[in-house]
Amino acid sequence: MSTCPPFAPFFGFAGVAAAMVFSTVGAAFGTSKAGIGIAGLGQFKPELIMKSLIPVVMSGIIAVYGLVVSVLISGSISNNYSLFAGFVHLAAGLACGFTGMAAGYAIGHVGDSCVRAYVHESKIFVGMVLILIFAEVLGLYGLIVALIMNTKVSSQIAAC
């Protein structure tokens, strides 16, 4: 049996898709959920809209994490691509994608609730930013794990 079967790149491209799709779903959910809160805030205090865009920006960063991992994985797929590399790249894409989805979900709910509370109490802003940072770190952890996995594969690529 060959160490580089012809179907091995399928798993690498599945990792690319997982990183992009799941992290983008998380970013889209976070943007939409926080955007609903911002729209509600804008009815009462339109001057606070620009400060309340922080959850939307942080949700967009989650999608960038998935894009970075996808580009790195797709750049290492070649003709000499082992099954080991395919499985590790799939795992890296899933790690980045699922943590991105969880982070987007957290950012959306925190952003919506805190932006609505910000209308009534301005002291909530600092707490909102801190909680959003902790939610964003979830996606960053997935990015770091995916980068570590990608470096392990690039150092152990088997020539077929």
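Predicted model: local features only at pLDDT ≥ 70, side-chain atom pairs only at ≥ 80, totals over all residues.
Helices here are DSSP runs of at least four residues, numbered from the N terminus. By that count, serine 70 is found in helix 2, which covers residues 54–75.

Setting aside neighbours within four places in sequence, the residues in contact with serine 70 are Val16, Ala19 and Met20.

As for annotation, an unreviewed UniProt entry lists "transmembrane region" for residues 6–31, 52–77, 83–103 and 124–149. Two of these spans can be described a bit further. Residues 6–31 come out as 92% helix and 0% strand, with the end C-alpha atoms 39 Å apart. Residues 83–103 are 100% helix and 0% strand, and there the end C-alpha atoms lie 30 Å apart. The unreviewed UniProt entry also carries the annotation "domain: V-ATPase proteolipid subunit C-like", which covers residues 15–73 and 90–149. In the model, the span 15–73 is 85% helix and 0% strand, and its end C-alpha atoms are 8 Å apart. For residues 90–149 the figures are 95% helix and 0% strand, with 10 Å between the end C-alpha atoms.

Next come the charged side chains. The model has 2 salt bridges, and aspartate 112 takes part in one with lysine 33, at 3.7 Å from N to O. Aspartate 112 lies in helix 3 (residues 83–120) and lysine 33 in helix 1 (residues 8–44), so this pair ties together parts that are 79 residues apart in sequence. Aspartate 112 also forms a salt bridge with arginine 116, and here the closest N and O atoms are 2.8 Å apart. This second pair stays within helix 3: aspartate 112 and arginine 116 are 4 residues apart, about one turn of the helix. Put together, Lys33, Asp112 and Arg116 are linked in a network of salt bridges.

Lysine 33 counts as partly exposed, with 24% relative accessibility. Arginine 116 is partly exposed too, at 40% relative accessibility.

Phenylalanine 11 lies in helix 1 and phenylalanine 87 in helix 3, so the pair ties together parts that are 76 residues apart in sequence. Phenylalanine 11 counts as buried at 19% relative accessibility, while phenylalanine 87 is partly exposed with a relative accessible area of 41%. The rings of phenylalanine 29 and tyrosine 105 form a stacked pair, because their planes meet at 15° and their centres are 5.1 Å apart. That pair, too, runs between helices: phenylalanine 29 is in helix 1 and tyrosine 105 in helix 3, so parts 76 residues apart in sequence are tied together. Phenylalanine 29 is partly exposed, with a relative accessible area of 29%.

Serine 113 and methionine 128 are 15 residues apart in sequence, and their C-alpha atoms are 9.0 Å apart in space.

The last stop is the surface. Leu138, Leu140, Tyr141, Ile144 and Ile148 make a nonpolar surface patch of about 440 Å². Among them, leucine 138 lies in helix 4 (residues 124–155). Leucine 138 is partly exposed, its relative accessible area being 37%.

Methods:
Residues numbered from 1 in each chain as written. Heavy atoms only, no water. UniProt positions renumbered as here; feature names shortened; annotations may be inferred. Helix = DSSP H or I, 4+ residues; strand = E, 2+ residues; numbered from the N terminus. Patch = residues over 30% accessible without salt bridge, like charges linked within 9 Å, V, L, I, M, F, W, Y side chains within 5 Å. Areas by Shrake-Rupley, 256 points an atom, 1.4 Å probe, with all protein chains shown as cover. Salt bridge = Lys/Arg side-chain N within 4 Å of Asp/Glu carboxyl O. Buried < 20%, exposed > 50% of the residue type's maximum accessible area, 1.4 Å probe, protein only. Contact = heavy atoms within 4.5 Å. Phe/Tyr/Trp six-rings, centres within 6.5 Å; stacked < 30°, edge-to-face > 60°.
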